[in-house]
Amino acid sequence: MEHSSITQGCGALIYSTGSQRYLFLLRNNGKFPDSWGLVGGKIEQGETILEGLEREIREELGGEIRDAKIIPIEQFTSDNKKF
């Protein structure tokens, strides 16, 4: 099985128009414990960016976000060209 040298990921900054607040997650394990972050993670093989984002939202928030408006903001490549 051949793997791409670039790991693709996705993330979302979630804003509630009802409460006028942003959602940040407090990480409790992994590389950056006790730090605040966004919903997101690696895109799995065969997933589109949107499918990966929807899966990450389900996994990390435990459900769907209804009536979401998605606004693509940025695409980047890490300095080491691996992400």
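Q: How far apart are the mean positions of the positive and negative charges of the protein chain?
A: In this predicted model, the mean positions of the 10 positive and 13 negative charges are 4 Å apart, where Lys and Arg count as positive and Asp and Glu as negative, with His and the chain ends not counted, and where the place of a charge is NZ of Lys, CZ of Arg, CG of Asp or CD of Glu.

Q: Which pattern does the chain follow along the sequence?
A: The protein chain reads β-β-β-β-β-β-α, with 1 helix and 6 strands; these are DSSP runs numbered from the N terminus, helices being H or I of at least four residues and strands E of at least two.

Q: Where does Gln-20 lie?
A: Gln-20 is in the loop between strand S2 (14-16) and strand S3 (21-23), and has a positive phi of about 55° although it is not a glycine.

Q: And is Gln-20 buried or exposed?
A: Gln-20 counts as exposed because its relative accessibility is 61%; exposed means over 50%, buried under 20% and partly exposed in between, with a 1.4 Å probe and protein chains only.

Q: What about the phi of Asp-34?
A: Asp-34 has a positive phi of about 60° and is not a glycine; its place is in the loop between strand S4 (25-26) and strand S5 (36-37), and its relative accessibility of 65% makes it exposed.

Q: What should I know about numbering and cut-offs?
A: Residues are numbered from 1 along each chain as its sequence is written. Local features need pLDDT of at least 70 and side-chain atom pairs pLDDT 80 or more, while totals for chains, interfaces and linings use all residues, and side-chain values use heavy atoms, leaving out hydrogens and water.
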